[in-house]
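Please find below a short note on the structure under discussion. The points are numbered so that each may be checked against the sequence and the model.

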Amino acid sequence: MSDRVGLLLQLADDELILGWRNSEWTGIAPFLEEDVAFSSIAQNEIGHARALYELVARELGTDADAVAFDRPPEQYRSAPLVELRRLEWALTIARHWLYETADAVRLEALQASDDAELAGIAAKMAREEAYHRIHADMWLDRLLASDEGRPRLEEALDELWPYALGVLDDELRAEFVRRVEARLGRSQPDVDPVGRDRHEAELAELLDEMTSVRRTAPAGARW
Amino acid sequence: MTVVYEVFRRERAGAAMQHAGSVAAPDARFAEIYAREQYGRRGESEALWLVPRDAVHEVSEFVDEFDLKYRRVDGYSIKERLKEARELAAGDRRR
């Protein structure tokens, strides 16, 4: 597998798995408007994943669905942060904000890439992610401003911090830490990242559910 | 505390704003995101107006104690007059 494919799969798998996790709130988000907004964000993430899988598929001579759905769990390149299943709003917002902050650093770096195709798709993604970041930022402010929200959010941020550090490689991680510390106005603990060299147990369950239709559909079925 | 914002949308440049619905949100930032998602994400709007419901001055009582039917359009037949006027106009052109 080329470095390019490896990099594209990291991005695509993060977006697909997080999109799926966020979509688990559809129908049960804290209120109706948020339900629609968060579901829409989930759809955007999955849209980004599809665009990236298409690039991978072209390089591997297959199609995007095959890349997205036909790999065993150990071949996914997603970061454990996006794999965790946590149907709790403070944890969801903490992950959403940490991921969007890390993703912004990553997309900025990719937009400066010599690979014009990669730079182009990163620029397109960044334009949509800007709205996700606004959404994540306003929720962060909202929870930090409330007596009940602040401790719950801070606890969630602490729990997820090692996972958040595992989204980016060494080269970009320092900038991510700098942004988080500047925004939260505190220094973050220096802990070992939970990186892409392992997967959470929840990933296999997610993939099992996500691929169930594809695995049972007759060959050549069209949607 | 949530505030209800009435949302108006314009389908294309030059068209009139039309009431689309409402969103409940904690503040204007949330309202903007929610309105974008609910009334703009499918490309159905060219612009949105968000108005806090409290800012709307509602008028709802229309008193008509003496049942002045002749004020309503249904009491005023314009069909014949229009026909006459059109015939007249057509005649003018012929002349």
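This is a predicted model: local features need pLDDT of at least 70, side-chain atom pairs count only at pLDDT 80 or more; totals for chains, interfaces and linings use all residues.

**Notes on the two chains**

1. Of the 21 residues of helix H1 of chain A, 15 are buried, so H1(A) is largely enclosed by the rest of the structure. A residue counts as buried here if 20 or more other C-beta atoms lie within 10 Å of its own.

2. H1(A) runs over residues 3-23, and at 1.5 Å a residue its 21 residues should span 30 Å. The end C-alpha atoms of H1(A) are 30 Å apart, which agrees with that expectation. The expected span is 1.5 Å times one less than the number of residues.

3. What kinds of secondary structure does chain A contain? Chain A has 10 helices and 0 strands, and its pattern along the sequence is therefore α-α-α-α-α-α-α-α-α-α. The radius of gyration of chain A is 17 Å, close to the 17 Å that the globule rule gives for 223 residues, so chain A is as compact as a globular protein of that length.

4. Further values describe chain A as a whole. The C-alpha trace of chain A spans about 55 × 40 × 30 Å along its principal axes. Among the 223 residues of chain A, 37% count as buried. Of the contacts in chain A with a separation of 6 or more, 73% are between residues 24 or more positions apart.

5. Chain B contains an open sheet of 3 strands in the order S2-S1-S3, with antiparallel pairing. The edge strands of this sheet are S2 (18-25) and S3 (47-52) of chain B, each of which pairs on one side only. Neighbouring strands of the sheet are turned by 30° against each other on average, direction ignored.

6. How many bridges join S1 and S3 of chain B? Strand S1(B), residues 3-10, pairs with S3(B) in the antiparallel sense over 6 bridges. As an example to locate in the model, Glu6(B) has Val51(B) in S3(B) as its bridge partner. Helix H1 of chain B, residues 28-39, packs on the sheet and touches S1, S2 and S3 of chain B. The direction of H1(B) makes about 130° with that of S2(B).

7. Finally, the confidence scores should be reported with the description. Chain B has a mean pLDDT of 88, and 94% of its residues reach 70 or more. The model scores ipTM 0.74 and pTM 0.86.

Note on methods
Residues are numbered from 1 along each chain as its sequence is written. Chains are lettered from A and ligands numbered from 1 in the order in which they are written. Helices (H or I, at least four residues) and strands (E, at least two) are DSSP runs, numbered from the N terminus. A residue is buried if 20 or more other C-beta atoms lie within 10 Å of its own, exposed if 12 or fewer, and partly exposed in between; C-beta atoms are placed from the backbone. Two strands pair if DSSP finds at least two bridges between them. Axes are lines fitted to C-alpha atoms, for helices over the stretch in contact, and angles run from 0 to 180 degrees between N-to-C directions. Two residues are in contact if their C-beta atoms, placed from the backbone, lie within 7 Å. The radius of gyration is taken over C-alpha atoms; the globule rule is 2.2 Å times the number of residues to the power 0.38. pLDDT is the predictor's confidence in each residue, from 0 to 100.
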